[in-house]
Amino acid sequence: MSGEELITLNVGGKIFTTRFSTMKQFPASRLARMLDGRDQEFKMVGGHIFVDRDGVLFSFILDFLRTHQLLLPTNFSDYLRLQREALFYELDSLVDLLNQHLLQPRPALVEVHFLSRNTQAFFRVFGSCSKTIEMLTGRITVFVEQPSAPTWSSNSFPPQMTLLPLPPQRPSYHDLVFQCGSDRTTDNQTAVRYVSIKPDNRKLANGTNVLGLLIDTLLKEGFHLVSTRTVSSEEKTECYSFERIKSPEALTMNKTLQPETTILPEQSQKMK
């Protein structure tokens, strides 16, 4: 067949039509061998070559074959899966491009939203890296005042208060919510929420003090303050944005030593 003739592929249920010349851009790849009938994994089904792989990711691979460029959406995150597909099709050039991207340091972002309202303060922390949120969740404890259980000999008034420790709320893997300050309860008593952040361990009820300690904690973790802005002047909501350059996770491939390359200890002694 000539390079201008068309071929249709069914990749994981998605149909693609392209030229033979496009599929043969890289002669050493499995895609080129597919057209020559040298790879028995690919079969003709209903007039289409069926490929039991991810059809969504194949659209990016086909675009790379057409343009020799790797252009992905700004919100694309499946780099490791796309690299796995490139390895399957034996597209070494695409694997190299993805390696270059994965080796680039990418920043971890954290936003702290602080709302001050009368005697209460509310905090919402969002992080692009869930490990940062897990770290903060393990360090932050909210203590809530509760009346102690009365004893038969206790007639004291007001009742004694104890502190009940609570973890901050986790609406999702990427954010946590907590508050501090005083509030009126249904029986017109004043209840106080304290916040403690390890390793400082002080119990703070003032929102400004908690904000300062939280910012200090992030700075000690390698974050630096990028910007501050007022989200709502009426509600006194402030937003603090932090950034930290982190190293990407290394790609590891299982490498099995071939029998002929294995050197036994007694052999190494003879070689010396």
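**Reading the features**

Tutor: Let's start with a cysteine: C129 is buried, with a relative accessible area of 13%. Keep in mind as we go that this is a predicted model.

Student: Is C180 buried or exposed?

Tutor: C180 is buried too, at a relative accessible area of 1%. The cut-off for calling a residue buried is under 20%.

Student: How many disulfides does the structure have?

Tutor: First the idea: a disulfide is a covalent bond that joins the sulfur atoms of two cysteines. Here the count comes to zero.

Student: Let me step back, then. What does the secondary structure of the protein chain come to?

Tutor: The protein chain has eight helices and 13 strands. Of its 272 residues, 33% count as buried. If you take contacts between residues at least 6 apart in sequence, 55% of them join residues at least 24 apart. As for the surface, the chain exposes about 17,500 Å², and carbon and sulfur atoms supply 52% of that.

Student: How many residues does the largest nonpolar core have?

Tutor: The general idea is that nonpolar side chains in soluble globular proteins tend to be buried together. In this model the largest such core has 31 residues, and F58 and Y89 are the ones with the most contacts inside it. Several elements supply at least two residues each, including β1 (6–11), α2 (30–36), β4 (48–51) and α4 (79–88). Helix α3 gives the most, with seven residues.

Student: Which residues does Y89 touch?

Tutor: Leaving out residues up to four places away in sequence, Y89 touches V11, S29, R30, L31, V51, R53, F58 and I61. Another core, of 28 residues, lies apart from the largest one; A108, V195, L214 and F223 are among its members.

Student: Now a helix. Which residues in α5 are buried?

Tutor: An α-helix has 3.6 residues a turn, so residues three or four places apart point the same way. In α5 the buried ones are L94, V95, L98 and L102. They sit on the same side of α5, because they cover an arc of only 100° around the axis. What covers them includes α3, α4 and β5 (106–117).

Student: And T22, where is that found?

Tutor: T22 is in helix α1, and at 10% relative accessibility it counts as buried. Not counting residues up to four places away in sequence, T22 touches L62, L65 and R66.

Student: I'd like to look at the backbone too. Which peptide bond is cis?

Tutor: Most peptide bonds are trans, and most residues other than glycine have a negative phi. The bond from K198 to P199 is cis, with omega near 0°. You'll find P199 in the loop between β11 (190–197) and α7 (207–220).

Student: What is the phi of N201?

Tutor: N201 has a phi near 70°, which is positive in a residue other than glycine. N201 is also in the loop between β11 and α7, and it counts as partly exposed at 43% relative accessibility. H68 is another case, with a positive phi of about 60° although it is not a glycine. That residue lies in the loop between α3 and α4 and is partly exposed at 45% relative accessibility.

Student: Last topic: how many salt bridges does the structure hold?

Tutor: To read one, look for a side-chain nitrogen of Lys or Arg within 4 Å of a carboxyl oxygen of Asp or Glu. The structure holds ten. One of them pairs E90 with R33, with the closest N and O atoms 3.0 Å apart. That pair links distant parts of the chain, 57 residues apart: E90 is in the loop between α4 and α5, and R33 is in helix α2.

Student: How far apart are the closest N and O atoms of R124 and D175?

Tutor: In that salt bridge they are 2.6 Å apart. R124 lies in strand β6 and D175 in strand β10, so the pair ties together parts that are 51 residues apart in sequence. R124 counts as partly exposed at 40% relative accessibility, while D175 counts as buried at 6%. Salt bridges that share partners also join R53, R84 and E85 into one network.

Conventions
Residues are numbered from 1 along each chain as its sequence is written. This is a predicted model: local features need pLDDT of at least 70, side-chain atom pairs count only at pLDDT 80 or more; totals for chains, interfaces and linings use all residues. Side-chain values use heavy atoms; hydrogens and water are left out. A nonpolar core is a set of buried Ala, Val, Leu, Ile, Met, Phe, Trp, Tyr and Cys residues joined through side-chain atoms within 4.5 Å. Buried means under 20% relative accessible area, exposed over 50%, partly exposed in between (1.4 Å probe, protein chains only). Helices (H or I, at least four residues) and strands (E, at least two) are DSSP runs, numbered from the N terminus. Contact means heavy atoms within 4.5 Å. The arc is that of the directions from the helix axis to the C-beta atoms. Accessible areas come from the Shrake-Rupley method with a 1.4 Å probe; for residues, only the protein chains shown count as cover. A disulfide is a pair of cysteine sulfur atoms within 2.5 Å.
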